[in-house]
Amino acid sequence: MRSFISNNALWFAPIFSFVVAQLMKYVVYAVQYKVLRKERLTGAGGMPSSHSSGVCTLIVIMARHQEAGVQSPMFAIALILGLIVMYDAAGVRRAAGLHAKVINMLRISIDELDGNTSEKVGDKAIAEKSDEKPAEKPLKEFVGHTPLEVLCGAMLGIFIGFMFAV
């Protein structure tokens with residue numbers, strides 16, 4: 001088993017890191033909100049960032065596996081990819097999640113003005129009914145990350161990268 005993992009660390013370690021972060025995200029959400037949501041096992045957003053964790057593991061693995069280390073072109077590619085992923089997670093995707101939150105609140109307010117009583121589910125969303133059209137379903141609010149979530153994901157990824165790159 002050790003031989004399999006060490007021979008395939010370039011692809012196995014980042015995937016492992018991503019899965020660990022997703023499991024941690026599920027636990028952190030359950031502790032914070034005192035509710036278990038299966039969606040947190042596969043969903044985006046939340047603490048820690050699994051995308052940041054995966055790419056940071058890849059960056060460390062590339063630095064350790066390449067003969068030229070941090071001078072190698074493969075390390076440079078991994079680093080640039082990682083920076084883009086983390087910037088996107090904390091920037092564009094986070095903004096999209098904040099917009100979704102406001103739009104969902106507006107939809108609830110409009111329904112209340114129209115006399116419809118929409119239910120709230122969990123901590124944020126409008127109740128999804130099986131007979132609703134896709135346009136009537138609430139937008140996903142867990143899309144991006146705060147800078148702290150990205151940082152924690154990055155630190156987890158760096159740790160896992162060093163764990164695999166021995």
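A crossing of two helices is called left-handed if the near helix is turned anticlockwise from the far one by less than a right angle, and right-handed if it is turned clockwise. In this predicted model, the crossing of H4 and H5 is left-handed, whereas that of H2 and H7 is right-handed.

**Helices H4 and H5**
- Helix H4, residues 50-65, packs with helix H5, residues 73-90, at an angle of about 165°, and their axes are 9 Å apart.
- Because angles over 145 degrees count as roughly antiparallel, H4 is roughly antiparallel to H5.
- On the H4 side the contact includes His51, Ser52, Val55 and Cys56, and these residues belong to a set that meets residues of H5, among them Met74, Phe75, Ala78 and Leu79.
- Sorted by class, this contact of H4 with H5 has 13 nonpolar and 3 polar residues, with no charged ones.

**Helices H2 and H7**
- The axes of helix H2, residues 9-33, and helix H7, residues 147-164, come within 10 Å and cross at roughly 140°, an arrangement that makes H2 oblique to H7.
- From H2, residues including Phe12, Ala13, Phe16 and Met24 take part in the contact, where H7 contributes Leu156, Gly157, Ile160, Met163 and Phe164.
- The residues of this contact of H2 with H7 divide into 10 nonpolar and 2 polar, and none is charged.

**Cysteines**
- The structure holds 0 disulfides.
- Cys56, one of the H4 residues that meet H5, has 6% relative accessibility and therefore counts as buried.
- Cys152, at 24% relative accessibility, counts as partly exposed.

How values were computed:
Residues are numbered from 1 along each chain as its sequence is written. This is a predicted model: local features need pLDDT of at least 70, side-chain atom pairs count only at pLDDT 80 or more; totals for chains, interfaces and linings use all residues. Side-chain values use heavy atoms; hydrogens and water are left out. A disulfide is a pair of cysteine sulfur atoms within 2.5 Å. Buried means under 20% relative accessible area, exposed over 50%, partly exposed in between (1.4 Å probe, protein chains only). Axes are lines fitted to C-alpha atoms, for helices over the stretch in contact, and angles run from 0 to 180 degrees between N-to-C directions. Helices (H or I, at least four residues) and strands (E, at least two) are DSSP runs, numbered from the N terminus. Angles under 35 degrees count as roughly parallel, over 145 as roughly antiparallel, 65 to 115 as roughly perpendicular and the rest as oblique. Contact means heavy atoms within 4.5 Å. Ala, Val, Leu, Ile, Met, Phe, Trp, Tyr, Cys and Pro count as nonpolar, Asp, Glu, Lys and Arg as charged, and the others, Gly among them, as polar.
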